[in-house]
Amino acid sequence: MRAALRIPLRASNNFDPAVVIRSNLAHLNPPLTRSSTPPITSRLLSSATTRPFATQRRRIGDHSLSLPPFPTRNAATSATSGRNDTRQSGPGKSHNRGLRYVVIGGAIAIAAVAYSDEVQHYYRAAARTGRVVGALAICINDYRVTLKQETSTPGERDEAIRACHKRCADRTLRVLEQNGSIFIKLGQHLSSMGYLLPLEWTTTFIPLQDKCPVSSIESVEAMFVADTGRRIDELFSSFDPQPIGAASLAQVHVATLKETGQKVAVKVQHPALAEWAPLDLALTRFTFSTLKRFFPEYDLEWLSKEMDLSLPQELDFRMEAENAMRTKEYFKKHSDAPLVIPEVMWAQKRILVMEFLSGRRPDDLEFLDSNHIDRDEVSAALAHIFNEMIFGANAPLHCDPHGGNIAIRLNPNGRRHNFDIVLYDHGLYRDIPQDLRRNYAKLWLAVIEADESRMRESAHKVAGITDEQFPLFASAITGRDYMVLKKKDITSARTSAERESMSGALGEGMLQQLVELLGQVPRIILLILKTNDLTRSLDENLQTRQGPIRTFLILARYATRTVFEEQMEAVYETGGVLRPSNFWRFLCAWTGFLRVELKLSVYEALLSLKSRFGLV
């Protein structure tokens with residue numbers, strides 16, 4: 001009985017919040033018998049969810065409730081007759097009745113305490129579900145009414161739709177903030193999807209980047225005991241109870257290791273996530289499946305599927321530790337970029353202890369300028385790091401490189417730069433398959449060279465894109481208006497007019513096509529799109545002097561290297577360089593690679609000279 005009550009709400013493919021709540025509430029009226037009601041000490045221990053206490057919980061739960069014995073009349077009393085017997089029996093019965101009431105009342109009190117957590121859990125679950133379902137119903141109705149409205153001009157219709165976007169985004173924002181947990185994560189993800197969602201939605205969700213929950217030090221302490229079997233003060237000589245940073249899934253505390261005295265950063269998962277993650281994932285699936293039911297042309301179920309896949313990985317800090325160590329080793333062997341990844345000390349599923357490395361956000365331009373850190377060099381270093389992740393052979397790809405996961409720190413003793421780039425949060429990683437990586441490189445080279453026929457060919461190989469879908473896909477990949485690509489102006493800076501034009505295009509009917517398009521492409525492409533969008537935003541926030549020209553040259557360099565490696569592999573598989581036909585193939589591949597390398601080297605040399613003579 002107790003085990004059934006403590007089962008968390010599980011996610012299922014056919015989720016119906018009302019059914020879940022009704023089925024769980026059915027357990028709240030059990031018979032109050034001695035066999036079914038464990039003592040209060042067992043109830044308190046049963047709230048722990050980890051194995052260290054499981055044996056103890058079962059042992060204590062095996063004890064039966066000890067009830068005080070009822071008073072009985074002795075032989076002498078029962079032998080007495082007449083009025084004496086009548087006079088004595090009244091008070092005895094009253095006393096027995098009073099004890100019974102005490103026992104029954106105590107049992108009810110114990111049951112109330114024992115089940116109070118369950119009642120609160122199901123009440124909060126019902127509240128979370130009600131907020132999501134209520135906002136969803138209102139938004140669906142709002143869109144249906146707005147889309148059915150008759151307007152006199154197309155401009156009025158666009159204005160009505162934009163107003164509806166804003167109303168629904170505001171309602172959704174309030175629900176995301178109230179529910180917290182992974183809903184904050186979902187909102188942060190949606191705020192970065194400028195290539196998909198209308199501007200009214202993405203800008204409304206921006207505050208979620210800074211509105212993250214903070215778990216109490218008491219709940220963190222309890223989690224340490226549950227997960228490690230040791231208190232915080234047994235592991236650390238100091239532990240700041242106030243986190244230096246909080247995100248949607250975790251928060252970070254500064255501490256000092258007791259054994260070594262080293263200053264460390266301790267990343268702890270929000271304890272409440274274990275309780276609500278299954279229900280929240282189910283509600284996310286329910287939301288997108290309901291939207292699809294009412295608006296079949298806007299199928300966003302792939303978003304919930306991606307969350308189902310990625311969230312369990314992000315919630316396991318042992319996987320994050322492996323990703324961090326793997327990335328650290330990869331860049332040590334394959335790149336000279338000024339990338340620093342904190343050393344991992346030890347990791348549990350919900351606790352990660354790392355080397356403490358601090359820095360400032362990459363968009364803190366005052367810090368960069370006051371420390372004479374060149375913004376263009378920071379932009380170039382970021383381009384080298386993330387292009388290596390995308391195009392490098394067997395490279396791990398960090399799929400969440402927003403400003404909060406990157407820090408810039410001053411390093412006067414650096415070999416080539418006076419700064420380091422510190423990369424945090426290695427929970428969401430992917431590996432790009434070799435064939436996809438090579439075709440993606442060819443796609444970008446075709447984009448940079450404005451070769452539309454090659455662009456279309458590579459887009460089909462990358463994601464099965466048809467000729468009709470290609471203009472939209474090209475805009476999603478590059479973040480640029482398709483007309484800019486046709487004019488061979490990809491290296492120019494994006495203007496506010498171009499952004500407004502792309503946002504307006506989504507409102508004019510292209511949104512439906514884009515949703516359908518993204519629903520059919522491989523999931524890894526969606527994460528590459530997200531990474532592209534976030535790194536593009538980082539670069540634009542740096543407000544570099546040269547614009548995106550240098551970053552596109554760096555991209556071309558890595559893409560050309562990837563294509564060159566494929567060509568050389570084909571040469572060696574068919575007899576080697578010394579074979580006459582292969583020598584010509586090798587020469588063509590090598591000259592193509594050298595042309596891009598020389599172009600980038602010359603451009604960077606000119607930038608260095610301009611900087612030295614104060615011309616930029």
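Predicted model: local features only at pLDDT ≥ 70, side-chain atom pairs only at ≥ 80, totals over all residues.

**Entry 1**

I began with strand 5 and strand 10 (residues 419-423), which run parallel and are joined by two bridges. For the terms, strands (E, at least two residues) and helices (H or I, at least four) are DSSP runs, numbered from the N terminus. Two strands count as paired if DSSP finds at least two bridges between them. I looked up L339 and found its bridge partner in strand 10, I421.

Then I traced the whole sheet: three strands in the order 5-10-9, open, with mixed pairing. Strand 5 (339-340) and strand 9 (406-410) are the edge strands, each pairing on one side only. Helix 16 (residues 375-391) packs on this sheet and touches strand 5, strand 9 and strand 10. Its direction makes about 40° with that of strand 10. Contact here means heavy atoms within 4.5 Å. Axes are lines fitted to C-alpha atoms, for helices over the stretch in contact, and angles run from 0 to 180 degrees between N-to-C directions.

Residues are numbered from 1 along each chain as its sequence is written, and side-chain values use heavy atoms, with hydrogens and water left out. The protein averages a pLDDT (the predictor's confidence in each residue, from 0 to 100) of 79, and 77% of the residues score at least 70. Over residues 1-89 the pLDDT stays under 50.

**Entry 1: a hairpin**

How many residues lie between strand 6 and strand 7 in their hairpin? I found three. Strand 6 (residues 344-347) pairs with strand 7 (residues 351-355) in the antiparallel sense over three bridges. One partner I checked was that of V344, which is M354 in strand 7.

**Entry 2: helix 8 and its neighbours**

Helix 7 (residues 154-179) and helix 8 (residues 182-191) pack at about 140°, their axes 7 Å apart. They are therefore oblique to each other; angles under 35 degrees count as roughly parallel, over 145 as roughly antiparallel, 65 to 115 as roughly perpendicular and the rest as oblique. L176, E177 and N179 of helix 7 meet F183, I184 and G187 of helix 8. I sorted these into three nonpolar, two polar and one charged. The classes are Ala, Val, Leu, Ile, Met, Phe, Trp, Tyr, Cys and Pro as nonpolar, Asp, Glu, Lys and Arg as charged, and the others, Gly among them, as polar.

Helix 8 also packs with helix 12 (residues 273-294), at about 50° and with axes 9 Å apart. This pair is therefore oblique too. From helix 8, I182, F183 and L186 face L273, A277, D280, L281, L283 and T284 of helix 12. That contact divides into seven nonpolar, one polar and one charged residue.

**Entry 3: a last crossing**

The axes of helix 17 (residues 434-448) and helix 19 (residues 470-478) come within 12 Å and cross at roughly 95°. That makes helix 17 roughly perpendicular to helix 19. Y440, L443, W444 and V447 of helix 17 touch F473, I477 and T478 of helix 19. I count six nonpolar, one polar and no charged residues there.
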